[in-house]
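Colleague: I am new to this structure and would like to learn how to read it. Please show it to me.

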Protein chains: 2
Amino acid sequence: MTHTLVASATKEIIIGFDQPFCVIGERINPTGRKKLAAEMEAGNFDTVIADALAQVAAGATMLDINAGVTAVNPNETEPPLMVETLKIVQELVDIPLAIDSSVSSAIKAGLEVAKGRPLVNSVTGEVEKLEEILPLIKKYDVPVVAISNDETGISEDPDVRFEVAKKIVEHAADYGIKPHDIVVDPLVMPIGAMGTAGQQVFALVRRLRNELGVNTTCGLSNISFGLPHRHGINASFIPMVIASGMTSAIMNPCRPQEMEAVRAANVLVGTDANCGNWIQTYRDYKPAAGGAPVAPVASSGRSGGRRGGRAARRGAT
Amino acid sequence: MTHTLVASATKEIIIGFDQPFCVIGERINPTGRKKLAAEMEAGNFDTVIADALAQVAAGATMLDINAGVTAVNPNETEPPLMVETLKIVQELVDIPLAIDSSVSSAIKAGLEVAKGRPLVNSVTGEVEKLEEILPLIKKYDVPVVAISNDETGISEDPDVRFEVAKKIVEHAADYGIKPHDIVVDPLVMPIGAMGTAGQQVFALVRRLRNELGVNTTCGLSNISFGLPHRHGINASFIPMVIASGMTSAIMNPCRPQEMEAVRAANVLVGTDANCGNWIQTYRDYKPAAGGAPVAPVASSGRSGGRRGGRAARRGAT
């Protein structure tokens, strides 16, 4: 059984086929959020703090941390800002973090200060990227998200994307990095632009799981890009990828419809033992007008009955 | 490609792997609805009419018709009441119907008056049942729901349920009935009582599709029996069974959360061409408080871009 161990200073989480779906909160990311970018650049972390607390309260399993405030001189600005953001968030919340950057020096700086066992997001199949990131993964003994594109870009052919993922896993093995420390992102295309995007991901996730034995993740909301009522599409895509074997996603945990889909899918694949988390979350549920779901009572950071501490570490293989 | 053709007097629908999910409206069924049973027994069809119209407006593809008002003398009461109910509903709506009874004489009476090509619901693997129902299926050239239990009851072992389904398909072949006219119900157990109930169904549906080449259906809401906020569980179960290859379900189309899940899953498996039905249904969508879904504008009986008429009949194989 593939188990990817991630940890904060005090809490361990397992990503795995037999574990509740790992929700990686995406909100702390200035990409496309001009106000947040300006705040972070000015040293104001009020929104970062509010987003961290809100995502934990909504039930996030981990938090993604991205400090890419500018494309002008990221090699200078991003490493210190990543360090500062990580320090603030890891003092504030107890769940594991992902160090998210396309700037290798920012990842390195983040790894130097992050407590526990953070997830690095990400490496691609590009040779230069592999040679920059994989030594860091080995040195700090942390897991990494592997994105299925390389120098040729993102292929629309899922077989090519599978081969890129396989190449990264093999390349990592050369560094002594095990498949259970690679979390593959098969890349989700917008269904509105490519009608086969859903079926591609379902098939790819099954292959990645059966043939490479790796955990998987994705930028979930890409699937609904350009469509009306995106949350409805996202909330159906989640059970489908979970039924296909996906084990985590980078997504917004503050959307009740999507989080309800995660919790229900955990029940339906049998990773919410005795439906315990579902019953605890929805036992007093009252539907809104029209029979529609509403936000449940804040779950105070529970992460779905995951195991922590020694048992979890022993379970990591 | 397996195509099951069902039809009213004027409208043909294909159930198939390449078609939008077939929603069989479950509401016209007095089982467990004492008031409706009393009304129907007294010759009052007001609720039947209201339920028929509401289900069509909500987007049902077909309507299930059950006239089992009493367990006392069903052989006498059910056949004429089935006939009367069918006549009323088929005058009222233009979508195909399912003749639903455990009383073989009621199915026979229904087949004599039903227009088009109704679906018979159901036959089991019990020898006596097979010998009563299959000759009717052959004589009237209609498709039938095959439920995966037999004289030994409902097995908790999915392999046994698969073998029962296989036995029914083989038995039907002896009568000259093709697999595309058998719609197998693999039987959905409550997930609250059996933690593997979901995984069982996903695996069974894939086997039924790949090994027997049959369409599938289920009583969908069984999955959430006994749990709080059942609609949340149902709405995640729908995309999962659709991703596994299920092609229809007997369910309540008047629940916006479940119907939204059906429409989104159709988009995600590629049976809603160019996302046309989704965009038409949700283009003016406004989320309710809390970002939750509400009922879309009534869809006036659209059935998701299905083909009708000659093209559909030619497509049935």
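Colleague: Which residue in β5(A) does A:Ile65 stand opposite?

Modeller: Strands of a sheet pair through backbone hydrogen bonds, either parallel or antiparallel. Here A:Ile65 stands opposite A:Ile99 in β5(A). Strand β4 (residues 62–66) of chain A and strand β5 (residues 97–100) of chain A run parallel and are joined by 4 bridges. Two strands count as paired if DSSP finds at least two bridges between them. Strands (E, at least two residues) and helices (H or I, at least four) are DSSP runs, numbered from the N terminus.

Colleague: What should I know about the model and its numbering?

Modeller: The model is predicted: local features need pLDDT of at least 70, side-chain atom pairs count only at pLDDT 80 or more, and totals for chains, interfaces and linings use all residues. Residues are numbered from 1 along each chain as its sequence is written, chains are lettered from A and ligands numbered from 1 in the order in which they are written, and side-chain values use heavy atoms, leaving out hydrogens and water.

Colleague: What is the strand order of the open sheet in chain B?

Modeller: The order is β9-β8-β7-β6-β5-β4-β3-β10, 8 strands with parallel pairing. In chain B, β9 (215–216) and β10 (248–251) each have a single partner strand, so one side of each is left without a neighbour in the sheet.

Colleague: Which peptide bond in chain A is cis?

Modeller: Most residues other than glycine have a negative phi, and most peptide bonds are trans. The bond from A:Asn121 to A:Ser122 is cis, with omega near 25°. A:Ser122 is in strand β6 (residues 119–123) of chain A. In chain B, the bond from B:Asn121 to B:Ser122 is also cis, with omega near 25°.

Colleague: Is A:Leu187 buried or exposed?

Modeller: Buried means under 20% relative accessible area, exposed over 50%, partly exposed in between (1.4 Å probe, protein chains only). A:Leu187, at 13%, therefore counts as buried. A:Leu187 is not a glycine, yet has a positive phi of about 75°. B:Asn274 has a positive phi of about 55° and counts as exposed at 74%.

Colleague: What is B:Arg206 in contact with, its neighbours within four places in sequence aside?

Modeller: Contact means heavy atoms within 4.5 Å. B:Arg206, in helix α7 (residues 197–212) of chain B, is in contact with A:Arg206 and B:Ser244.
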